[in-house]
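Thanks for coming. I will go through two sites, one after the other, and keep to computed values.

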Amino acid sequence: MVPVNLGPRSYQVRIGAGLSKQVAIELGNPGSALVVSDTNVAPLAAENLTQQLAEAGWNVRLAVQPAGETAKSLREIEKLYDQLIAMQADRSTHVIAVGGGVVGDAAGFAAATYARGLPFIQVPTTLLAAVDSSVGGKVGVNLPAAKNIVGAFHQPKAVFIDTDLLATLPPREFAAGMAEVVKYGMILDESFFDWLEAEQPKIQSHDPTFLARIIQRSCELKAQVVEADEFETTGLRAVLNFGHTFGHAYEALAKYGTLLHGEAVSIGMIDAATLACQLGRIPEEVVSRLTKLLQSFQLPVSLPSGMKLDPQQIIATMRLDKKSVGGKLRLILPTRIGHVESVRDVSEELVLKTVARHG
Ligand code: NAD
Ligand code: ZN
């Protein structure tokens, strides 16, 4: 169990095998709930959960969104609002997201905005959602012009991570989640990074004990950052962006879907480390350890050979990232394994040189 201490918005992240079977018991007194899932996850998990709640006396509906990023659109959110209207939802109606980060972000956004806020429960079913998006309260949708540009901070009331549900995850999706796990080691916890290196074979074989441990530690580290900067006002939360300024640009330019988010972040972390090395901030050895660890989890460390992106366009896209300030490039760069710093005004020439490695 990982507590997330945010005063009146505090909650627990529970982690365990078979946990999704206990959601109805854990939630206590039956009320009404909208379970939100996608076409892949509904038959694997959300239908069971809906039935479990109905048997426990809940007035429950299941909304199934199309799988993939398109579910994070205002059009799909409107459909969730329609379901809430149809079930005569009130401020006690729970919204329960059962799925990956897409379902979590979309359901969470509906929960944040309907009637100015409904109780929200996360049941993440991808590794990325378990270690990252289900904790921290960022919810939102995309506009055609920009990803994650419309959103809110809306913390869940509880997060239930059932490690059994990850068994059906495609290997590429598992690897994408591992990129965020490696990121936590790089930005905050050297001994976790060392442990990932040492136990890589067990993690890669999805040993349940090791899976639970990586999720537990990742959630603890994410909670620590969110507790320090819940609303992203002090700049502390920005450490989570390590690898993301490069990564978001690749995701956008490669057209969403070609590169998974975690894959783009994996490449972006190597870019950031390479740049830090060129600045003399870290020794070459750090870049090579990071490279080796990411590759051992089947993650890419440079853009795929068929994907030729114009370096100037990469930089222009990085400047558009909503976390850049006044068009200035601000990057999260490692100072060693387990520690990063926010560096303002990184020279464009150096960034160009870094991205040119993909040519
Ligand atoms: P996703 O939700 O699209 O899931 C990936 C794919 O796996 C989908 O096809 C899904 O149907 C399928 N799937 C999910 N669980 C499965 C299971 N158990 N077995 C088999 N298939 C399963 O993608 P994701 O990587 O989980 O999330 C990406 C989204 O998360 C992006 O939109 C990103 O912006 C968002 N995100 C949000 C935050 C945050 O803090 N809110 C943080 C990181 C990422
Ligand atoms: Zn990420």
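Which polar side-chain atom lies 2.7 Å from a nitrogen atom of ligand 1? That atom belongs to T168. The protein covers 87% of the 870 Å² of accessible area that ligand 1 has on its own, by the Shrake-Rupley method with a 1.4 Å probe.

Before going on, the conventions. This is a predicted model, where local features need pLDDT of at least 70, side-chain atom pairs count only at pLDDT 80 or more, and totals for chains, interfaces and linings use all residues. Residues are numbered from 1 along each chain as its sequence is written, chains are lettered from A and ligands numbered from 1 in the order in which they are written, and side-chain values use heavy atoms, with hydrogens and water left out.

Two further side chains approach ligand 1. An N or O atom of the K72 side chain is 2.8 Å from an oxygen atom of the ligand, and one in the D105 side chain is 2.9 Å from a nitrogen atom of ligand 1. By class, the shell around ligand 1 holds eight nonpolar, eight polar and nine charged residues; Gly counts as polar, and Asp, Glu, Lys and Arg as charged.

Now the zinc ion, ligand 2. Its protein donors (N, O and S atoms within 2.8 Å of the metal, or 3.2 Å for Na, K and Ca) are E180 through OE, and H244 and H261 through NE2, at 1.9 to 2.1 Å. Their spacing along the chain is E-x63-H-x16-H. Water is not among the atoms, so the site may look incomplete.

H244 counts as buried because its relative accessibility is 5%, where buried means under 20%, exposed over 50% and partly exposed in between, with a 1.4 Å probe and protein chains only. H261, at 23%, is partly exposed.

Methods
A polar contact is a pair of N or O atoms within 3.5 Å; within protein, one must be able to donate a hydrogen and the other to accept it, and residues adjacent in sequence count only if both atoms are side-chain atoms.
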